[in-house]
Amino acid sequence: MFHYTVTTDKPLEESVRALEESLKERRFGVLWQMDIPEKLREKGVSFDTPYRVLEVCNPQEAARVLGKELLVGYFLPCKIVVYRDGGKTKIGLPRPTMLLGHASEDAELREIAQRVEEQLTAAVDAAAR
């Protein structure tokens with residue numbers, strides 16, 4: 001599957017806070033966060049599902065991948081979404097290994113993508129507990 005998604009009983013706001021802390025422990029920072037329903041309302045569009053997009057980055061890993069292949073920047077920063085669906089909160093991300101798998105055959109880049117994916121999925125798992 002192209003994504004990794006977990007479900008939690010935590011409310012959305014609590015999940016976002018837990019995710020931010022979990023990412024920080026793994027040396028990832030949240031660069032930007034967008035509240036999709038709020039942004040769409042600003043544009044006159046109705047969308048009532050709570051849905052957040054967080055752009056996250058580990059600067060050391062970003063420098064490593066960009067130092068090997070500038071095209072990898074098309075995938076940066078990494079995105080994690082937190083949203084409500086069916087009365088539950090879901091936290092998920094596109095798998096870096098899947099994204100990079102279509103972009104490069106470079107073994108070192110694949111190792112970095114694997115490491116980043118492991119860190120991000122661990123952060124998501126911790127936030128969901």
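User: Which residues does Leu19 touch, leaving out those up to four places away in sequence?

Analyst: This is a predicted model, so keep that in mind. Contact here means heavy atoms within 4.5 Å. With residues up to four places away in sequence left out, Leu19 touches Leu54, Ile80, Val82, Ile91, Ala123, Val124 and Ala127.

User: OK, and how many residues are in the largest nonpolar core?

Analyst: Leu19 is among the residues with the most contacts inside that core, and so are Leu23, Val56, Ile80, Ile91, Leu120 and Val124. In soluble globular proteins, nonpolar side chains tend to be buried together. The core's total is 26 residues.

User: Which element gives the most to this core?

Analyst: The elements giving two or more residues are S1, helix H1 (12–25), S3, S4, S5 and H5. Helix H5 covers residues 107–128 and lies across S1, S3, S4 and strand S5 (88–94), running at about 10° to S1. With nine residues, the top contributor is H5.

User: What's the strand order in the open sheet?

Analyst: There are five strands, with antiparallel pairing. Strand S1 (3–8) and strand S2 (29–35) each pair on one side only, so by that definition of pairing they sit at the edges. The twist averages 20° from one strand to the next. Reading across, the order is S1-S5-S4-S3-S2.

User: And what is the bridge partner of Leu54 in S4?

Analyst: Strand S3 (residues 51–57) and strand S4 (residues 78–85) run antiparallel and are joined by six bridges. Leu54 is also one of the residues that Leu19 touches. Its bridge partner in S4 is Ile80.

Conventions: Residues are numbered from 1 along each chain as its sequence is written. This is a predicted model: local features need pLDDT of at least 70, side-chain atom pairs count only at pLDDT 80 or more; totals for chains, interfaces and linings use all residues. Side-chain values use heavy atoms; hydrogens and water are left out. Two strands pair if DSSP finds at least two bridges between them. Helices (H or I, at least four residues) and strands (E, at least two) are DSSP runs, numbered from the N terminus. Axes are lines fitted to C-alpha atoms, for helices over the stretch in contact, and angles run from 0 to 180 degrees between N-to-C directions. A nonpolar core is a set of buried Ala, Val, Leu, Ile, Met, Phe, Trp, Tyr and Cys residues joined through side-chain atoms within 4.5 Å. Buried means under 20% relative accessible area, exposed over 50%, partly exposed in between (1.4 Å probe, protein chains only).
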